[in-house]
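Dear colleague,

Please find below the structure that I am handing over to you. My notes on it follow, arranged by topic.

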Amino acid sequence: MPYDSAATKKRLLDAALDEFAERGLAGARVDRIAERASANKQAIYAYFGSKEGLFRSVLEARCQSAFDAVPFDPSDLPAFVVGVFDHLVENPKSVRMMMWRQLELPDEVPHDVATAKVQELAAAHDLGTAQKPCAEDLFVILLGLSMSWFSCAPNQPAAKGSAAEQRLHAFRRSLVTAVDAVVKAMVQQKR
């Protein structure tokens with residue numbers, strides 16, 4: 001059977017997502033990732049340079065996946081925030097990857113997969129990209145709101161069942177209210 005480098009790389013990324021989401025960057029082991037991917041661990045170094053490079057690649061792919069899955073309309077920011085929230089509920093490993101990045105690489109600026117969205121936001125709301133308030137700040141706040149459930153809600157797992165679904169629905173309504181208030185306040189502040 002011929003060697004398929006694209007398939008090997010995908011298997012490594014999938015296996016690394018499981019390993020990093022479970023153990024973080026420091027606790028992950030390249031030998032476990034290679035074994036899960038049915039690949040030689042040297043392939044990790046060939047494709048990604050290092051374990052940290054693989055971590056960054058997985059994180060970037062998860063962020064890109066979320067942004068690709070959720071439509072961005074700067075005139076309907078509540079829908080975007082709720083969409084990101086729903087995507088994260090369905091993809092808890094993505095949440096864990098973002099939390100591990102914050103814990104283990106806190107001084108590193110994450111790869112910016114959102115530049116175009118920030119520019120759209122700036123144009124739609126007449127916000128600059130350098131002054132305060134700026135479109136980048138607003139975008140960070142919006143993403144923070146979408147993540148707030150996972151970082152702050154006590155004992156609120158993304159569980160299944162009627163009561164859990166009702167609670168998630170109530171939180172979605174709260175997100176809409178919060179986004180509307182934040183956008184209104186930041187747009188008024190620029191004047």
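**Salt bridges**

The side chains of D14 and K10 form a salt bridge, with N and O 2.7 Å apart. Both residues belong to helix α1 (residues 5-27), where they are four residues apart, about one turn of the helix. D14 is partly exposed, at 39% relative accessibility. Please bear in mind throughout that this is a predicted model.

A second salt bridge joins the side chains of K93 and D18, at 2.4 Å from N to O. Because K93 lies in helix α6 (residues 92-104) and D18 in helix α1, this pair ties together parts that are 75 residues apart in sequence. K93 is partly exposed, with a relative accessible area of 37%, and D18 is also partly exposed, at 29%.

R56 and E52 form another salt bridge, in which the closest N and O atoms are 2.6 Å apart. These two residues are four residues apart in helix α4 (residues 51-69), and about one helical turn therefore separates them. R56 has a relative accessible area of 32% and is partly exposed; E52 is partly exposed as well, with 31%. The search of the whole structure finds nine salt bridges. As background, side chains of opposite charge can pair when their charged atoms come close.

**The nonpolar cores**

The largest nonpolar core has 31 residues, and the members that touch the most others are L77, F80, L121, L138 and F139. At least two residues of this core come from each of α5 (77-90), α7 (115-124), α8 (135-152) and α9 (162-189). The helix that gives the most is α5, with eight residues. In general, nonpolar side chains tend to be buried together in soluble globular proteins.

Neighbours within four places in sequence aside, L77 is in contact with F72, L121, H125, L138, L142, V179 and V183. L138 lies in helix α8 and is buried, with a relative accessible area of 0%. Not counting residues up to four places away in sequence, L138 touches L77, L121, L127, V182, V183 and M186. L138 and L127 are eleven residues apart along the chain, and their C-alpha atoms are separated by 9.2 Å.

Which residues of α7 are buried? They are K117, V118, L121 and A122. These residues cover an arc of only 140° around the axis, so they are on the same side of α7. They pack against α4, α5 and α8. After α7 comes D126, which has a positive phi, near 50°.

In α2, the buried residues are V30, I33, A34 and A37. Seen down the axis of α2, they fall within an arc of 95° and therefore line one face of the helix. Among the elements that cover the buried residues of α2 are α1, α3 (42-48) and α4. S38 follows α2, and its phi is positive, near 55°.

**An annotated span**

The UniProt record, an unreviewed entry, lists residues 29-48 as "DNA-binding region". In the model, this span is 75% helix and 0% strand, and its end C-alpha atoms lie 14 Å apart.

**Confidence of the prediction**

How confident is the prediction, and where is confidence highest and lowest in the chain? The mean pLDDT of the chain is 87, and 87% of its residues reach 70 or more. Confidence is highest in helix α2 (residues 30-37), at 96, and lowest in α7, at a mean of 85.

With kind regards

Methods
Residues numbered from 1 in each chain as written. Predicted model: local features only at pLDDT ≥ 70, side-chain atom pairs only at ≥ 80, totals over all residues. Heavy atoms only, no water. Core = buried A, V, L, I, M, F, W, Y, C linked by side-chain atoms within 4.5 Å. Buried < 20%, exposed > 50% of the residue type's maximum accessible area, 1.4 Å probe, protein only. Contact = heavy atoms within 4.5 Å. UniProt positions renumbered as here; feature names shortened; annotations may be inferred. Salt bridge = Lys/Arg side-chain N within 4 Å of Asp/Glu carboxyl O. pLDDT = per-residue confidence, 0-100. Arc of directions from axis to C-beta.
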